[in-house]
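Open the model in your viewer and keep the selection panel at hand. The tour goes one selection at a time.

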Amino acid sequence: MSTIQLRNLTKTFGDFTALKTMDLDIADGEFMALLGPSGCGKSTTMNMIAGMEEPTSGRILFGERDMAGVPMGRRGVGFVFQNYAIFTHMSVRQNLAYGPRMRGAAKAEIDRRVGAIAELLQLTPLLDRKADRLSVNILQRVAIGRSAIMEPAIFLLDEPLSNVDAAFRAVMRTELKQLQRQFKQTMVYVTHDQLEAMTMADRIAVMDHGVLQQVGTPLEVYNNPVNVFVARFIGAPGMNLLKGKPAESDRGLVVDLGPLGVTPPLPDGLATTLRGARGDVLYGFRPEQVALAQGGRGLAMPVTFVERIGARTIVHLGEGGGAVKAVFDNDVGLTIGQTAIVAPDASSVRVFDAASGVAMKAG
Amino acid sequence: MADIVFRNVTKRYRNTLAVDDASFTVNDNEFFCFFGPPLSGKSTILRLVLGLEAPDTGEILIGGRPVNAVSPAERNVAMVFQNLALFPHMSARENVRFPLVERKVAEAQIEKRVADVAAKLHIGHILHKPPAQLSGGERQRVAIARALVRDPNAYLMDDPISALDARLREETRVELKRIQRELGKTLIYVTHDQEEAMSIADRIAILENGKIRQIGAPAEIYDRPASTYVARLLGSPVMNILKSVRGEGGVEAAEGTIRIADRAAPADAVEIGLRPEDIKVNPWADGGQGRPARVFEVEPLGGYTVVTLAAGQARLKALLRGQPNIRPDAMVAISCEPARVHYFGQSGGALAR
Amino acid sequence: MSAVTVTVSEDDMGAALAKPALRDEGARLGFRLTLPAQVLVLFISVFPLLMQLYISVTDWSPLSGLGWWNAWEMWNSFANYTDLAADARFWSALKRTAIVMIVCVPAEFLLGLALATLFADDFPGKRIFYSILLMPMMVVPAVAGYMFFMLFQSGGPVNDILSAISGTQVTIAWLSDPTLALIAVMIADIWQWTPLMFLILLAGLVGVPEDQIKAATLLGANPWQRFATIVLPKMKTIIIIALAIRVIENFKIFDTLYIMTGGGPGVATETISVYIYKVTTQDLIWGYVAAIALAILIVLSIVAVFAMKRMARARQVAA
């Protein structure tokens with residue numbers, strides 16, 4: 001059983017808390033992404049799982065085994081470093097063979113395993129090349145192969161695609177996923193790129209400043225973010241959030257968006273939670289879930305920027321606190337300075353408490 | 001006038017042809033981007049513009065003036081480095097002043113220029129701070145200010161934001177575009193990120209092994225790529241390129257799973273290109289025409305869903321809006337509007353319909 | 001985050017392969033700036049070398065009454081060199097020097113390596129220990145010679161310690177015994193120069209990328225395996241430098257040795273430097289001395305070239 005359980009995991013460096021009481025369950029064979037901006041504690045968590053750092057408090061369990069005191073050489077995890085940490089004074093073959101060699105495997109056995117892994121990762125023609133003269137793309141595969149040859153039940157990857165050029169990243173994402181599916185390993189993947197997490201992971205653990213924000217499938221964190229941080233971090237671009245006051249109107253519960261001059265309706269389910277609420281709320285909607293309303297009801301805003309990126313066009317509207325982005329197909333034909341009326345799709349509107357940032361649920 | 005012209009420029013390094021017969025014009029005030037995979041010649045072109053290298057053959061003109069023999073200092077082209085290279089022991093103001101102090105410009109002039117450039121970049125209020133106390137974005141603007149304080153003909157940036165977090169990259173590229181627009185200066189920008197290039201460039205030059213393959217506005221290159229190479233470079237997921245054969249009244253590909261009825265399809269087309277967002281996926285109705293494809297994988301990205309289809313021996317990726325209800329192993333019919341199909345000939349070049 | 005990345009960016013390629021105009025300018029300026037120093041070095045080393053070459057094919061001696069520039073009058077073609085080949089005392093001295101080198105340099109290396117490994121991690125009192133460790137190197141070699149001279153006296157501290165340990169009265173006459181005197185001299189050299197090895201090897205050790213060591217550990221390598229497969233290979237260049245330096249310096253061992261034993265008892269500790277010294281100051285046949293010196297120079301040059309070649313190759317291996 002290669003499940004991973006983190007219980008109350010905490011790590012402090014002097015005054016600085018890198019990780020605050022994290023609880024996480026990773027299922028056998030699951031691809032779990034630890035996602036968050038720099039400094040959120042994801043790499044620290046990974047290092048502790050690998051045994052490279054000791055937790056200040058809390059426990060790490062692989063299956064039933066508590067990993068406290070188990071040195072990093074004995075945990076049976078594969079680890080791919082951000083900088084690959086390839087043994088540059090050895091050939092590709094020697095790099096791949098390193099693990100089995102250290103464990104005293106027989107030469108024939110080593111050769112067989114190296115051959116198999118090289119075949120899988122398309123490294124066969126490069127086996128006898130020196131590792132210090134290879135491109136990053138190849139080094140990445142060697143790094144993966146070197147760990148994979150040990151057939152670890154748990155595979156840890158620390159931002160392995162951040163040094164790779166954009167085009168190759170897409171290729172590697174597919175390959176990594178295939179690898180994981182083939183070997184059915186439990187994979188923990190650290191990244192700051194939400195697209196990577198969304199594409200590859202079975203579940204995503206979103207982190208910020210040492211605190212776990214939300215754990216869920218890609219669609220779960222996209223559709224139902226538990227707080228403002230997750231709402232903004234997931235999605236390209238992230239969720240739009242406009243400040244407003246809940247108010248009663250003849251159409252039911254609406255939110256008064258102040259200077260924007262509109263009062264869009266709020267989801268019915270929130271009526272009980274919001275009725276009589278004093279504070280401001282954040283009215284949230286995703287850029288992909290708006291429609292262009294010709295002269296209809298919606299938010300009228302000036303277009304400030306248009307990014308046409310391949311299949312879609314990102315339109316920036318409004319200024320300052322009232323700035324939003326909308327994603328349309330390329331035939332949208334908007335220009336800077338024009339006023340556009342955008343109407344968020346009612347069913348995808350999410351509301352957050354302005355003070356705490358927490359999502360408001362139907363109650 | 002600060003346009004930059006290359007005429008048949010070639011540059012060799014020992015046995016490698018880093019730049020191969022490159023000709024282009026960067027117009028005044030243009031945000032011009034060089035885009036291509038690593039080692040395609042982008043950085044070499046920058047060095048040629050700056051004057052750190054001399055071309056083996058060909059001419060380089062800046063503002064109409066041939067500059068082949070002109071030293072970097074005299075070309076009046078400024079560079080903003082990826083790591084910004086701000087002097088840590090000086091304040092932001094001293095950093096920005098530095099190029100002018102070096103050239104022994106009069107103090108009054110220096111003050112005026114610094115104030116000018118600081119106003120344009122909105123950094124007047126932080127000029128007294130040392131770089132260590134500034135945020136990443138502020139530091140970048142100080143670096144740009146330092147490049148611009150000499151009022152250069154053009155400024156260059158070599159992959160300035162690739163080292164940033166994904167989120168920050170998205171915000172910073174918009175910032176950079178805004179700054180360039182406000183300043184109205186020619187900017188030559190190098191990147192290997194296709195989203196970045198498409199988002200902010202006025203025009204892009206696509207490079208392959210030192211050769212310029214296509215120059216044009218991002219939309220133009222995206223909609224009408226000149227070759228399969230260019231077509232594959234822009235767009236995510238990558239354009240699906242399949243071998244095609246002439247079929248009834250059109251073309252067929254992927255063992256009949258794709259049939260395009262298009263009388264205008266060029267006769268010598270050997271491959272077709274379909275952008276993932278142009279592929280329409282519908283549930284397979286028994287008795288339908290052609291052959292079904294099987295859904296291999298579904299990747300929900302929230303606002304979009306990438307569906308990988310097994311069509312014959314080929315794998316295609318389709319980009320569908322939203323979160324459609326589609327499951328792996330479902331049988332589907334693939335179609336595409338004829339007008340959105342790209343045709344390519346024997347050598348990979350695009351063919352017109 | 002490790003500072004060692006193995007990304008090969010386009011910029012690296014360009015920088016590595018190009019010879020931009022800027023670099024040539026810098027090189028020319030550098031040449032002009034170092035010209036005075038270059039002239040000085042020329043004068044100090046090349047001129048005497050040529051002079052030695054000249055004298056070495058003559059019978060010249062300061063007692064001959066001629067100025068050295070007239071040494072051609074005492075031309076003896078290559079008689080000095082043939083004499084050298086037959087000079088038994090010379091060859092003995094050479095043999096003795098080789099023995100000292102073969103014992104001292106490896107000992108210094110292994111001790112230095114062991115200490116460097118110790119210092120790679122932190123331990124209590126590290127800083128103090130570090131300073132103490134470096135002190136022998138700071139001592140003037142002649143003073144060290146005198147120090148050990150006193151230590152190795154028959155009634156001296158070394159014998160006292162040995163007496164205390166063995167329980168019996170130890171009165172070894174170290175410096176009067178041919179074999180023991182050589183051993184004493186070697187001990188003095190090891191004491192004085194191990195710190196140098198330690199310093200150089202520590203620098204090399206610290207330069208081994210930590211990431212790769214971590215990766216090796218995660219793949220199941222124990223400390224010995226890590227040392228043998230990762231650390232040592234990556235220290236190859238530094239090790240070669242360290243060994244080359246010590247071999248060349250140790251070959252020329254003089255100050256400490258001469259003060260301790262004067263080359264004695266008899267010629268028991270007469271190394272090549274001592275022999276040259278004696279011939280120069282006692283026999284005064286400087287023509288012959290020049291020949292000896294040149295022969296040694298050639299030998300050491302071969303060592304240096306050999307080391308540099310190995311180093312260049314090692315640089316390609318390690319990264």
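Among contacts in chain B between residues at least 6 apart in sequence, what percentage join residues at least 24 apart? The figure is 66%. Keep in mind throughout that this is a predicted model.

**Stop 1: chain B**

Select chain B and colour by secondary structure. Of the 353 residues in chain B, 41% are buried.

Domain 1 covers 4-224, and domain 2 covers 240-351.

**Stop 2: the domains of chain A**

Move to chain A. Here the assignment gives domain 1 as 4-233 and domain 2 as 240-353. In chain A the separation is 38 Å.

Next, select the residues where the two domains of chain A touch. Domain 1 of chain A supplies four residues and domain 2 of chain A supplies five. Look at the domain 1 side by class. It holds three nonpolar residues, one polar residue and no charged ones.

**Stop 3: the end of chain A**

Go to strand E19 (350-353) of chain A and step into the segment that follows. A:Ala355 is found there. Is A:Ala355 buried or exposed? A:Ala355 is exposed, because 11 other C-beta atoms lie within 10 Å and a residue counts as exposed at 12 or fewer.

A:Ala355 and A:Val281 are 74 residues apart along the chain. Their C-alpha atoms are separated by 7.8 Å.

**Stop 4: where chain A meets chain B**

Show chains A and B together. The contact involves 26 residues of chain A and 30 residues of chain B. Stay on the chain A side and highlight four elements: helix H5 (166-183), helix H6 (194-200), helix H7 (218-223) and strand E15 (299-309). Each of these supplies at least two residues to the side that touches chain B. Which element gives the most? E15(A) does, with four residues.

Colour this side of chain A by class. You get 14 nonpolar, six polar and six charged residues.

**Stop 5**

**Stop 6: a helix pair in chain C**

Finish inside chain C. Select helix H4 (residues 88-120) and helix H8 (residues 178-206) of chain C. A pair of packed helices is described by the angle between the axes and the distance between them. For H4(C) and H8(C), the angle is about 45° and the axes are 7 Å apart. That angle is why H4(C) is oblique to H8(C). The crossing of the two helices is right-handed.

Now colour the contact of H4(C) with H8(C) by class. It has 20 nonpolar residues, three polar and two charged.

How values were computed. Residues are numbered from 1 along each chain as its sequence is written. Chains are lettered from A and ligands numbered from 1 in the order in which they are written. This is a predicted model: local features need pLDDT of at least 70, side-chain atom pairs count only at pLDDT 80 or more; totals for chains, interfaces and linings use all residues. Domain bounds come from an automatic or database domain assignment. Two residues are in contact if their C-beta atoms, placed from the backbone, lie within 7 Å. Ala, Val, Leu, Ile, Met, Phe, Trp, Tyr, Cys and Pro count as nonpolar, Asp, Glu, Lys and Arg as charged, and the others, Gly among them, as polar. Axes are lines fitted to C-alpha atoms, for helices over the stretch in contact, and angles run from 0 to 180 degrees between N-to-C directions. Angles under 35 degrees count as roughly parallel, over 145 as roughly antiparallel, 65 to 115 as roughly perpendicular and the rest as oblique. A crossing is left-handed if the near helix is turned anticlockwise from the far one by less than a right angle, and right-handed if clockwise. A residue is buried if 20 or more other C-beta atoms lie within 10 Å of its own, exposed if 12 or fewer, and partly exposed in between; C-beta atoms are placed from the backbone.
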